[in-house]
Amino acid sequence: MKHWTNWLPARKQSLPHDLREWLTDTGSLTKRLQYVSEQAVNVELLHYDWHTALPEESLFLQQPLRRIQLEREVLLCDGDKPEIYARTIIPQSTYQVLPSRFDNLGTKPLGQMLFDEPTLSRSDIQVACLTPQHWLYQLATEVLDIGPDMLWARRSCFYLNGHPVLVCEIFLPSEKWSYV
C-alpha cells in the first residue's frame, strides 16, 4: 500500500547534516546545483501532461481531489547523472493565466522562470523522509537502477502573481550529500 507523505516544517536541527543546507535553502536549487556540479546541469524532461495530481498535492494546493492539473516531472542531472527528481503541479487556474510560460519551458529549469518573476512569493519549505512505501519515493526511483532505503524531499508552493505552483524536489543518491 502506498502511503501519504508526512511533511514537516524545515527545521535544520532535525535534518541530516549533509542535506540541511540543501533542504532549507530558499534560493534556486538549480543554481546551487550548478555551482557544485562537475559538469553542466542538464534538465531531463520525464513528463509534461494533464493528470489528476496525488491527493496530498491537491490538498496542499487547496484543489478538488479529482481535478486535472498539469504535471511536470524532470531530473536535474550533473552531466548525465541524476541528482534531483523534481515534480511540479500547476493548477488549471494558474496555467490559464500563464500558459506560454509553462509550455515554453521544455528542458529549461523551472527555477530560472520562477526566480526571474518579479511577483514571486513562496510558502515555507516543508521536508519529508520518503521510504519505498510512499508514492513520491516510487515516482522518483523509477529512473534508478536500485532504490535506497530512504530519500529526502522538500516542497513549497510558489505564487506567481498570486497563482500557486507546487514544487517538490527529491534528492537522489549522490556524492554531494549522504543519507545519515
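Reader: Is R101 buried, partly exposed or exposed, and what is its relative accessibility?

Author: This is a predicted model, and the idea is to compare a residue's relative accessibility with two cut-offs: buried means under 20%, exposed means over 50%, and partly exposed is in between. R101 comes out at 33%, so it counts as partly exposed.

Reader: Okay, and which side chain does R101 meet in a salt bridge?

Author: For a salt bridge, look for a Lys or Arg side-chain nitrogen within 4 Å of an Asp or Glu carboxyl oxygen. R101 pairs with E117, at 2.6 Å from N to O. R101 sits in helix 5, while E117 is in the loop between helix 6 and strand 5, so you're looking at distant parts of the chain, 16 residues apart. E117 has 12% relative accessibility, so this one counts as buried.

Reader: How many salt bridges are there by this rule?

Author: The count is 6. Another one joins E169 and R154, at 2.5 Å. Here strand 8 holds E169 and strand 7 holds R154, so the pair ties together parts 15 residues apart in sequence. E169 and R154 are both buried.

Reader: Which residues are linked in a network of salt bridges?

Author: Those are E57, E71, E73 and R87. Within that group, zoom in on E73 and R87: their closest N and O atoms are 2.9 Å apart. E73 belongs to strand 3 and R87 to strand 4, 14 residues apart. Both E73 and R87 are buried.

Key
Residues numbered from 1 in each chain as written. Predicted model: local features only at pLDDT ≥ 70, side-chain atom pairs only at ≥ 80, totals over all residues. Heavy atoms only, no water. Helix = DSSP H or I, 4+ residues; strand = E, 2+ residues; numbered from the N terminus. Buried < 20%, exposed > 50% of the residue type's maximum accessible area, 1.4 Å probe, protein only.
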